[in-house]
Amino acid sequence: MAFFRPRVSREAEVRYHADLEIGKGYPALLEKARAAERHLHAVQAAGGSVAERRAAGLALDRALTEALRAAEAGQRATLGIKAYDDRIVRRKARATPDGALWTAEVSRLRTLREENKLGLPRVPRTYAAAR
């Protein structure tokens, strides 16, 4: 007796395997973000100029963005291949221990990134003399 088993789309399979590969780099990207954060704190403690603090803050933002993208890919891969096509499966998978762990990690990284963006010093624009 054969049962009907709905298959996932080819696009979901491709995205799942791509997310698996991207998610593998998450620990290295997280360490890169931690190093950028240490550098930012060192510049702030040394009393660096506004331009130096802004450059360090922007470097941290780029590192956090890369880590966030990898964490989101890891989350999607952890939720499973069927979660790409079905929102109910995605919601149920988030309630599992692994899904909740990745969801909390993605939320934490988004919060860190937004806090960093809010704390970036502004550099005044220089305008050319009007003639």
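In the predicted model, residues 24 or more positions apart supply 74% of the contacts in the protein chain with a separation of 6 or more. The secondary structure of the chain consists of five helices and zero strands, in the order α-α-α-α-α along the sequence. The radius of gyration is 21 Å, well over the 14 Å that the globule rule gives for 131 residues, so the protein chain is more spread out than a compact globule. The C-alpha trace spans about 80 × 40 × 20 Å along its principal axes.

Of the 131 residues in the protein chain, 31% are buried.

Two aromatic pairs are present in the structure. In one of them, the ring centres of Tyr16 and Tyr84 are 6.4 Å apart and the ring planes stand at 85°; because planes over 60 degrees apart count as edge-to-face, the pair is assigned to that class. Tyr16 belongs to helix H1 (residues 10-24), whereas Tyr84 sits in the loop between helix H3 (50-79) and helix H4 (87-94), so the pair ties together parts that are 68 residues apart in sequence. Tyr84 has a relative accessible area of 10%, and because buried means under 20%, Tyr84 is classed as buried.

Tyr26 and Trp102 form an aromatic pair with a distance of 5.4 Å centre to centre and an angle of 65° between the planes, and this pair is also edge-to-face. Distant parts of the chain are again linked: Tyr26 is in helix H2 (residues 26-45) and Trp102 in helix H5 (residues 97-118), 76 residues apart. Both Tyr26 and Trp102 are buried.

Helix H1, which holds Tyr16, also contains Glu13. The relative accessible area of Glu13 is 18%; since this value is under the 20% limit, Glu13 is buried. When residues up to four places away in sequence are not counted, Glu13 touches Arg7, Val8 and Ile81.

Methods
Residues are numbered from 1 along each chain as its sequence is written. This is a predicted model: local features need pLDDT of at least 70, side-chain atom pairs count only at pLDDT 80 or more; totals for chains, interfaces and linings use all residues. Side-chain values use heavy atoms; hydrogens and water are left out. Helices (H or I, at least four residues) and strands (E, at least two) are DSSP runs, numbered from the N terminus. The radius of gyration is taken over C-alpha atoms; the globule rule is 2.2 Å times the number of residues to the power 0.38. Buried means under 20% relative accessible area, exposed over 50%, partly exposed in between (1.4 Å probe, protein chains only). Contact means heavy atoms within 4.5 Å. Rings of Phe, Tyr and Trp (its six-membered ring) pair if their centres lie within 6.5 Å; planes under 30 degrees apart count as stacked, over 60 as edge-to-face and the rest as tilted.
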